[in-house]
Amino acid sequence: MTDVTVHINVLPGNEDIGIPRKMTDLASGFDLCAAVRETVTLAPGERGLIPAGFALAMPATLEAQVRPRSGLAYKKGVTTLNSPGTIDADYRGEVGVILINHGQEPFVIERGDRIAQMVFQWVPHVALVEVDNLDDTERGSGGFGHTGV
């Protein structure tokens, strides 16, 4: 297994939040915590951009994906929009999480609450080559449920 270094900069005033961390040794995702200054309440159907309190720098071969936490989705109906949200290797701003409350009750976000997870993925260098025709396949242009419900 190859270790990869990602630099994390905890933004001023967020030292109490710290860096994302895995809750178990074999977890894929690093939990992201809310770096809100005041309590945020999302009403049912409401969305909000929640700061995570850090910025990062990673090699060009990586992207970071912001994904929902399964427990929040299942128990509270709260998930991330634009999921997975992509953090590109050249982004240096504060990481934020777009949350939406699909639940029946208001969802309260306190400072330090675990709100999402961040998973790192390899990004290959891809060269797009324009051609006049593509090779045929059995599927062809069938999509969006072409094999049934």
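Select Arg-114 and Asp-31: these residues form a salt bridge (a side-chain nitrogen of Lys or Arg within 4 Å of a carboxyl oxygen of Asp or Glu), with the closest N and O atoms 2.7 Å apart. Arg-114 belongs to strand 11 and Asp-31 to strand 2, so the pair ties together parts 83 residues apart in sequence. Strands here are DSSP runs of E, at least two residues, numbered from the N terminus.

The model is predicted: local features need pLDDT of at least 70, side-chain atom pairs count only at pLDDT 80 or more, and totals for chains, interfaces and linings use all residues. Residues are numbered from 1 along each chain as its sequence is written, and side-chain values use heavy atoms, leaving out hydrogens and water.

Next, select Arg-111 and Asp-16, whose side chains meet in a salt bridge at 2.8 Å, N to O. Arg-111 sits in the loop between strand 10 (107-109) and strand 11 (114-122), and Asp-16 in the loop between strand 1 (7-10) and strand 2 (30-33), 95 residues apart. Asp-16 is exposed at 55%; Arg-111 is partly exposed at 26%. The count of salt bridges is 2.

Finally, select Glu-63 in strand 6 (residues 62-67). Glu-63 is buried without a salt bridge, and the nearest side chain of opposite charge, Arg-67, is 7.0 Å away. (Lys and Arg count as positive, Asp and Glu as negative; His and the chain ends are not counted.)

Definitions and conventions
Helix = DSSP H or I, 4+ residues; strand = E, 2+ residues; numbered from the N terminus. Buried < 20%, exposed > 50% of the residue type's maximum accessible area, 1.4 Å probe, protein only.
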